[in-house]
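My notebook is open and I want to get to know this fold. I'll jot down what I look up as I go.

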Amino acid sequence: MDPKEIVRTGYDALSFYYRPEGDYDGVHAPHHKVWATQLISLLSFSSSSARVLDLGCGCGVPVARDLARAGHTVVGVDISAVQIARARELVPGGTFIQADITAFARGDSESSSHHGNTDMGGEGEYDAVVALYVLIHLPVAEQEQLIARMGRWVKDDGLCMLTVGISAQTFERTGWLGSGEEVRMWWQQAGVGEYRAWLGAAGFEIVEDKVVKDLRAGEEFEGHQFLLVRRLPRARAGVGAG
């Protein structure tokens, strides 16, 4: 099966395992809640109503929900139909689109045509882009391209908040999060040094860079790298739009 199809069908089956009903701020979402609060605080210094793109938005909570509650305009994109259906219900103030992120970014997916868009956003369209635990579900060859596109979407001095891999690896699991053995999930990631280089080439400077433990995995798992980056002014960055 195509890796993206594994991810799509996997999250359709896993949505309520990943974010159980009614536990949107509890043990299943502590990092996301902290990061949403951090981003809201940072955005308050520049805009009372920012435009935020949430890539791999899942069911919309807590990140998109908290951003919308704070008065920001949120556009969420996810490959899973179940996740998007839940997001539309749980965050009625947001706009949510089911799509393969990289295809939609290029403007060549069915979702793009259906929504009347040729691109997910133009130059400097967003004050911030959020990409938490989503790049690692894409083939590595597409991750660099997507980061370059983020550099185009984010306005000068805008922010991007993302989690990436620490060491290069590809792996697949069945029965993740206590689901049945018939449920599969797939990941692929580059090394963190490559992500830092890709972000620099896309016109970002690193503001925060730290390892975070994966609370869903055992102690033997190395965790992920959390990166908060700022888009350098285009004249200073000296890079193209991507």
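Predicted model: local features only at pLDDT ≥ 70, side-chain atom pairs only at ≥ 80, totals over all residues.

I then looked up its lining and found 29 residues, with Gly56, Cys57, Gly58, Asp78 and Val134 the closest to the centre. Helix α1, strand β1 (51–55) and helix α3 each bring at least two residues to that lining. Which of them gives the most? That's α1, with four residues.

**Helix α1.** That sent me to α1 itself, which runs over residues 3–18. I checked its span: for 16 residues, a straight helix would reach 22 Å at 1.5 Å a residue, but here the end C-alpha atoms are only 19 Å apart. I also looked for a bend and found a kink of about 45° centred on Asp12. At the start of the helix, I noted that a side-chain oxygen of Asp2 comes to within 3.0 Å of the backbone nitrogen of Lys4.

Which residues of α1 are buried? My list reads Lys4, Ile6, Val7, Gly10, Tyr11, Leu14, Ser15 and Tyr18. I wanted to know what covers them, and the cover includes helices α2 (30–43), α4 (81–90), α5 (101–106) and α7 (140–153). Strands β6 (169–174) and β7 (184–189) are also among the covering elements.

**Arg65.** Next I picked a residue in α3, the helix of residues 63–69. Is Arg65 buried or exposed? I put Arg65 down as buried, because its relative accessibility is 8% and the cut-off for buried is under 20%. The side chain of Arg65 makes a polar contact of 2.8 Å with the side chain of Asp66. Looking past neighbours within four places in sequence, I found Arg65 in contact with Tyr24, Asp25, Lys33, Gly60 and Val91.

**Val212.** My last stop was strand β8, residues 204–212, where Val212 sits. I have Val212 down as buried too, with a relative accessible area of 6%. What does Val212 touch, if I leave out residues up to four places away in sequence? I wrote down His31, Trp35, Tyr133, Gly223, His224 and Phe226. I also checked Val212 against Thr163: they are 49 residues apart in sequence, and their C-alpha atoms are 8.9 Å apart in space.

Notes:
Residues numbered from 1 in each chain as written. Heavy atoms only, no water. Buried < 20%, exposed > 50% of the residue type's maximum accessible area, 1.4 Å probe, protein only. Polar contact = N/O pair within 3.5 Å; in protein donor to acceptor, adjacent residues only side chain to side chain. Contact = heavy atoms within 4.5 Å. Expected span 1.5 Å × (residues − 1). Bend = angle between axes of the 7 residues up to and from the residue. 1 Å grid on protein atoms, 1.4 Å probe; cavity = no way out; pocket = protein on both sides within 12 Å on 5 of 7 lines; lining within 4 Å.
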